[in-house]
Amino acid sequence: MTSSGRAPFNFLAGLTILSLIVLLSCAEVQLPPGGEPDKRAPRVDSTLPANGSTAVPSGNTIEIYFSERVQSSTGKQIYISPRPAADPKIKWHSDRLSITLAEPFAPNQTTVVSLGSGVTDLRNNRLDSSMTIAFSTGPTLDSGRVAGQILSGNAPQAGMLVGLWQEDRLTDSIPLDSLYPDYLTVTDAKGYFTFKFLPDLQNRLIAFIDKNKDERFGSKREAFAIPDRPIAVGGDILIDSLVMAVTTSDSSAIGIVSVSFNLSGMARIRLSDIYSIEYLRTHLSDAILTSLADSLQIYPASAMLESEDMLSSTVTLAYGRIPAGAYSLVLPLRADSSLVYDSLNVRDLPDTEPPTIIQHLPSDRAIFATDVSISLTFSEPLDTSKFGPETIQLVHSDSVLVATRNQWRDQLHLEIIPDTMLDGHTYTLRLSEFELVDLAGNPFGDSLTEFVIKTLNTDSLGLVSGTVAIRLREKITDPAVLVFREITNKYSDTVAVKGKEFSLNVPAGKYLLSGFIDSNRDGTRNSGSLHPFSLAETSAIHRDTISVRARFETTGIEMIFK
């Protein structure tokens with residue numbers, strides 16, 4: 001104790017207390033951890049200029065205020081339409097987004113800001129959906145609207161850019177990929193897109209997968225989708241419920257990346273993009289290998305492995321054993337277009353690889369007995385002289401053999417045709433592996449392979465019936481094609497409708513219904529073309545799931561094309 005009665009001052013203790021005070025005063029006040037996790041999506045609270053406002057004074061800054069702190073996930077999430085001449089400056093400030101344009105707002109024009117659903121809060125909760133904000137420097141807002149959904153097969157195509165180009169900007173001398181779209185948006189998780197606040201103009205709409213992230217459509221590199229009608233905003237054709245299908249670039253942009261020739265005499269061709277192989281399938285003899293040492297040595301393809309796919313980026317052709325050496329390959333794409341590959345080397349080595357079964361049909365789903373088509377696809381040609389009476393057998397569940405005959409569609413595809421099959425029964429396709437031998441003598445195996453085939457019982461079927469309504473005046477007399485697909489993908493059926501009514505029997509289950517107007521009457525949907533530009537055939541999706549009960553009729557289905 002000092003003479004004053006106070007304890008001596010401890011400098012280190014005082015410094016520690018002072019540091020704690022500073023830290024506590026600087027710490028961010030937060031709720032204690034624990035409790036329910038934050039799953040609420042952020043929302044837009046307000047904007048400057050205000051959303052929907054008119055007579056906005058000249059300026060170049062747009063502010064968007066959110067309900068909480070936000071951030072942008074990967075990929076671009078902000079689109080300004082009409083597209084400004086220079087990219088705007090975009091800054092994220094806690095719960096505020098600031099957009100600064102290089103030029104002032106254009107006079108008497110509606111400006112649209114689209115926010116992608118990739119805007120998230122700090123817990124990665126996304127905006128509920130893409131959002132559109134609009135204001136005008138003129139006395140009114142433009143009111144045009146274009147909306148739709150994009151599908152890739154049966155699945156929604158998320159994250160696809162959708163562009164609108166004013167038709168008066170498009171000429172034969174200006175390629176489309178040199179122009180940015182005037183209006184641009186992106187599809188959401190369910191493939192939907194919407195343009196709002198559009199001026200009354202004639203536009204061209206193309207959706208595309210922006211591989212190189214430059215916001216321009218590269219027709220030679222990027223998959224795309226084309227609508228079925230002109231995009232005339234302010235016209236008398238409905239354009240707010242488009243259904244578009246993803247397709248691929250024109251074959252003029254396709255190239256051969258590589259060709260490999262295996263010891264079984266199969267050439268595997270890898271292409272730079274996917275394209276329709278339908279023409280090649282019917283013109284196989286034009287797919288020619290020519291010896292570079294002797295141009296008189298010419299070998300046409302005898303079969304193609306890909307028999308079902310309409311679109312493919314690989315093609316596998318059968319040529320059989322040919323002399324070793326260097327060859328050129330000519331691959332036909334269309335009647336007026338072929339690809340050439342000049343550096344294929346064929347080696348003279350023994351084939352020791354056994355054949356395999358690439359595909360067997362029918363697969364594991366039950367089908368009608370009258371619709372049964374049994375087929376096998378092999379990886380290479382087989383030596384059919386090794387086939388005996390027990391090589392391939394069709395056996396009923398009670399062990400009774402069903403008489404069949406074999407029919408080769410080509411060297412790779414074998415069809416097994418039964419004399420009779422009954423509804424509601426189970427069959428087994430039995431293969432003797434040691435008698436399935438390739439041309440080099442390699443057997444498939446040394447035991448048995450079996451595939452089960454089930455036929456539908458008519459008592460398990462239900463009848464679905466309804467009407468087709470075509471509300472496009474120019475297509476009202478065209479036939480429609482409807483596709484019923486069971487949601488577990490175990491069954492699908494297609495029906496062509498030439499009038500206004502349809503009915504068909506399908507197995508009990510829950511179904512999705514889609515279809516298209518078959519304007520060119522070829523049974524397949526035309527997805528449109530870029531060169532020359534042509535529109536797609538109209539398609540539609542029935543929005544409700546259709547439940548089918550065995551031995552009951554499901555009526556009143558209305559399939560609307562509009």
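Here is a quick briefing on strand pairing and aromatic contacts in this structure. The model is predicted, so to speak of a local feature takes pLDDT of at least 70 and a side-chain atom pair counts only at pLDDT 80 or more, while totals for chains, interfaces and linings use all residues. Residues are numbered from 1 along each chain as its sequence is written, and side-chain values use heavy atoms, with hydrogens and water left out.

**The open sheet**

- Three strands line up as β38-β35-β42 in an open sheet with mixed pairing. Strands here are DSSP runs (E, at least two residues), numbered from the N terminus, and two of them pair if DSSP finds at least two bridges between them.
- β38 (501–507) and β42 (553–561) are the edge strands, each with a single partner, so one side of each has no neighbour in the sheet.
- On average, neighbouring strands of this sheet are turned by 30 degrees against each other, direction ignored; the axes behind that angle are lines fitted to C-alpha atoms, and angles in general run from 0 to 180 degrees between N-to-C directions.
- β35 (residues 461–470) runs parallel to β42, and 7 bridges join the two. One to look for: Val464 has Thr554 in β42 as its bridge partner.

**Around β21**

- β21 (residues 288–291) is joined to β25 (residues 325–334) by 4 bridges, antiparallel. Leu289 has Leu329 in β25 as its bridge partner.
- β21 also pairs with β22 (residues 298–300), again in the antiparallel sense, over 3 bridges. Here Ile288 stands opposite Pro300 in β22.
- β21 and β22 make a hairpin, with 6 residues between them.

**Aromatic rings**

- The whole structure has 11 aromatic pairs. Rings of Phe, Tyr and Trp (its six-membered ring) pair if their centres lie within 6.5 Å; planes under 30 degrees apart count as stacked, over 60 as edge-to-face and the rest as tilted.
- Phe261 and Tyr319 have ring centres 6.5 Å apart and planes at 40 degrees, so this pair is tilted. Phe261 sits in β19 (residues 256–261) and Tyr319 in the loop between β24 (311–318) and β25, so the pair ties together parts 58 residues apart in sequence.
- Phe261 and Tyr319 are both buried (under 20% relative accessible area, 1.4 Å probe, protein chains only).
- Trp165, Phe208, Phe217 and Phe224 are linked into a cluster by ring pairs.

**Charges over Tyr180**

- The charged end of Arg83 sits over the ring of Tyr180, 3.7 Å from its centre. The cut-off is NZ of Lys or CZ of Arg within 6 Å of the ring centre and within 35 degrees of the ring normal.
- Arg216 also lies over the face of Tyr180, at 4.8 Å from the ring centre.

How values were computed. Buried means under 20% relative accessible area, exposed over 50%, partly exposed in between (1.4 Å probe, protein chains only).
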